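Hello,

Here is the structure I promised to pass on.

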Amino acid sequence: MKKGVFIAFEGLDGSGKTTQFNAIINRLAAKKINCIAEKQPSNCNPIGLLLRDIVKNAHDVSLSPLSLAKLFSIDRYEHVVNNIKPHIDAGRHVLIDRYVFSSFAYQGQAFTFDEIYSFNRDAIELLMPDLTIFIDTTPEECTHRIASNRASQELFDDNGIVIRNNFYNAFEKMKTSPTAIINGNQPTDAVTDEIWKAVEPLFEGGLS
Ligand code: ATM
């Protein structure tokens, strides 16, 4: 059986990643290509749900960077094994809002590339995206958008320059994993059009 397509969306907070993720799901749906929408941290297991609360600062606790890094990797592994790979193997397409490059970028504030790779080895060996879309919006623009749109800050909102460099470093180190870097500072529709050009060929034969 032909496997489904697996595409990950990455970007800084405020980059427009989730808006673009939804826009591409809608474009595919308009072409009768149905995709399963997922996100990480996941909302499929208790660890993912806990991480969602932690990054929103919902609990008055601060976990060590090591515990956080390991929790992200455990959530990812459970998510891949139970909720992503079975769909891909059965020929269904999955789009995901953040995947392993987010760990290289965000946990890269405390750990080296090799350390993060080893935390995530099991998920990486099971499944890497057919394409990772990186919405590259400048950290200044992201900060501006977050300040004007959001009431509260998330855990890692204020270190955009380092996180962006970590993304680039990881793309360089994981060269065999296909990546499309998209200029996120353009108007929303132009960003969607540019992503579409990268995504469409993956569905060859399935698009009219
Ligand atoms: P979203 O805002 O895209 O839902 O992501 C939640 C946060 O989780 C985001 N932080 N901020 N600010 C990035 C963080 N995160 C990690 O630190 N490591 C990971 O592996 C993932 C998937 C997310």
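The axes of H3 and helix H5 (residues 113-126) come within 9 Å and cross at roughly 0 degrees. An angle under 35 degrees counts as roughly parallel, so that is the word for H3 and H5. Please keep in mind that this is a predicted model.

On the H3 side, the residues that meet H5 are Ala69, Lys70, Ser73, Arg76, Tyr77, Val80, Val81 and Lys85. Their partners in H5 are Ile116, Phe119, Asn120, Asp122, Ala123 and Leu126. Sorted by class, this contact of H3 with H5 holds eight nonpolar, two polar and four charged residues.

Helix H3 (65-89) also takes part in covering the buried residues of H2. Which residues of helix H2 (residues 46-55) are buried? They are Ile47, Gly48 and Leu51. If you follow the chain just past H2, you will come to Asn57, which has a positive phi of about 60 degrees.

How do H2 and H3 pack? Their angle is about 135 degrees, and the axes are 8 Å apart. H2 and H3 are therefore oblique to each other, and their crossing is left-handed. H2 brings Ile47, Gly48 and Leu51 to this contact, while H3 brings Leu71, Phe72, Ile74, Asp75, Glu78 and His79. The contact of H2 with H3 is made up of five nonpolar, two polar and two charged residues.

One further pair to look at is helix H1 (residues 17-30) with helix H8 (residues 188-199): they pack at an angle of about 60 degrees, and their axes are 10 Å apart. That angle makes H1 oblique to H8. The crossing of H1 and H8 is right-handed. From H1, the contact uses Thr19, Gln20, Ala23, Ile24 and Arg27. From H8 come Thr188, Val191, Thr192, Ile195, Trp196 and Val199. Here the contact of H1 with H8 counts six nonpolar, four polar and one charged residues.

Best wishes

Technical notes: Residues are numbered from 1 along each chain as its sequence is written. This is a predicted model: local features need pLDDT of at least 70, side-chain atom pairs count only at pLDDT 80 or more; totals for chains, interfaces and linings use all residues. Axes are lines fitted to C-alpha atoms, for helices over the stretch in contact, and angles run from 0 to 180 degrees between N-to-C directions. Helices (H or I, at least four residues) and strands (E, at least two) are DSSP runs, numbered from the N terminus. Angles under 35 degrees count as roughly parallel, over 145 as roughly antiparallel, 65 to 115 as roughly perpendicular and the rest as oblique. A crossing is left-handed if the near helix is turned anticlockwise from the far one by less than a right angle, and right-handed if clockwise. Two residues are in contact if their C-beta atoms, placed from the backbone, lie within 7 Å. Ala, Val, Leu, Ile, Met, Phe, Trp, Tyr, Cys and Pro count as nonpolar, Asp, Glu, Lys and Arg as charged, and the others, Gly among them, as polar. A residue is buried if 20 or more other C-beta atoms lie within 10 Å of its own, exposed if 12 or fewer, and partly exposed in between; C-beta atoms are placed from the backbone.
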